[in-house]
Amino acid sequence: MCGIVGTLAATPVNQLLYDALLLLQHRGQDAAGIVTMQGQKCFMHKARGMVRDVFRTRNMRALPGNIGLGQVRYPTAGNAYSEEEAQPFYVNAPFGIVLVHNGNLTNAHALKEELFAIDRRHINTESDTEVLINVLAHELEMAARDLPLTPKEIFAAVRAVQKRIKGSYAVIALIAGQGLLAFRDPFGIRPLCFGRSANGEFMVASESVALEGTGHQLDRDLAPGEALFIDHAGQLHTEQCNDHPSLNPCMFEFVYLARPDSVMDGISVYQARLNMGETLAQRVISTMPPNEIDVVIPIPESSRPSAMQLAHRIGKPYREGFVKNRYVGRTFIMPGQGARKKSVRQKLNAISVEFKDRNVLLVDDSIVRGTTSKEIVQMAREAGARKVYLASAAPPVRFPNVYGIDMPTAEELIAHNRTVEEIREYIGADALIYQDVDAMKRVVAALHPGLAGFEASCFDGHYVTGDVSLEDFATLRAQRTSQPGDEDADARSRLALQSGGEG
């Protein structure tokens, strides 16, 4: 759940990368980093905080070069308080490689031991991104030993990497003196796309909005298992590096994570959310008479398209009942449950006139832990609502996610081993309506008939990589790391893999 970007241009790229990271800020607010290369020398700056706070004028001046990459971090595991675990990561051999990564490696712990015992490489942090860059470095060394490094050797190395690592990953790397490399996991779980500017300069990023907002036109998404290499001459090379790729994008990108103005794997995120609103309306109609609803109000921001479509479908007015303070981070991606609880009322304020003496249907994009939903339902009642109904544009989140989404253990999920009635009672709503899993998949898949399916494990318990076991979950839970200064370590929101995944 990080945002990554890489670019190669004819002019300095520091400002371009900064602008792209601002457009990806919604994907991570914990840390940010940029690295550029001039000749074969790397220049890097990374720190905890938002993009606008991490990079000052002096930092930007210290980032020369026409090729670079950047990342905004949402820490899904490892040490969220350590700047050492902020990306990019660097290794000096072979060539000199810098890398950013969005996703989680589910076998990172085993790989770490393998790297030390067999590859003779040392890992110094709990980050699985450091594991990944060392696996890539080793395979590049093997592929290019006694040979010049050409796209053929680079793609052979990526093929070898994909045989060793498991889980989800979208990767962008710079190879000193060579160019920019990007590749995607064979299931296409985490997003990655590329495009070019009017003068043919390339950019690779997590979302199309980063391209469009910096003057690039979207070319296409990388296919699952595909690698892309842009050499210093600006020549594009691509190759499929997996024998059995299949496209299974993360459903939570469409539910919540991505910006609505992005297009992912040929699917408009905005249209996907409209479609979810259509099917959610059908669930509402089958659950309660629409005449019991006076007004439909979204819980900003991601739920707005679904709420609008639902209101239109049931013939009820759509109103904005909450004002969002845009200067408070998204509660879902704030490290620590204590911080989340504190921020809800700082983030939202109710407009009483839209609630007073009305039966209100609140629409949210999803309900994960239930704490925020409970607080918002209470806010609606305090604003004068006669009855408060809650509809979720996503199905119940019942299972942990190991691919880079903030759903660490089953025990933290309000829907795990609870009925809808039990959830409704906890949240305090007069009625609770959830999206249907199959309906959600059907209406989003209709926007891209070529999909193999979705990574929707948090909803249906099916892990598309086929290598996640009950033992893995026990290990993940046992190795969740308490961090200094966390008000509520037991209710930590970050996903902790045994490796300390980074995004």
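Me: Arginine 313: how accessible is it?
Reply: Arginine 313 has 38% relative accessibility, so it counts as partly exposed. Partly exposed lies between buried (under 20% relative accessible area) and exposed (over 50%), with a 1.4 Å probe and protein chains only.

Me: What kind of model is this?
Reply: The model is predicted: local features need pLDDT of at least 70, side-chain atom pairs count only at pLDDT 80 or more, and totals for chains, interfaces and linings use all residues. Residues are numbered from 1 along each chain as its sequence is written, and side-chain values use heavy atoms, with hydrogens and water left out.

Me: Which side chain does arginine 313 meet in a salt bridge?
Reply: Glutamate 278, at 2.9 Å, N to O. A salt bridge here is a side-chain nitrogen of Lys or Arg within 4 Å of a carboxyl oxygen of Asp or Glu.

Me: New topic. What does aspartate 294 pair with?
Reply: Arginine 386, with the closest N and O atoms 3.3 Å apart. The pair is 92 residues apart and links distant parts of the chain.

Me: How many salt bridges in total?
Reply: The count is 23 salt bridges.

Terms used
Helices (H or I, at least four residues) and strands (E, at least two) are DSSP runs, numbered from the N terminus.
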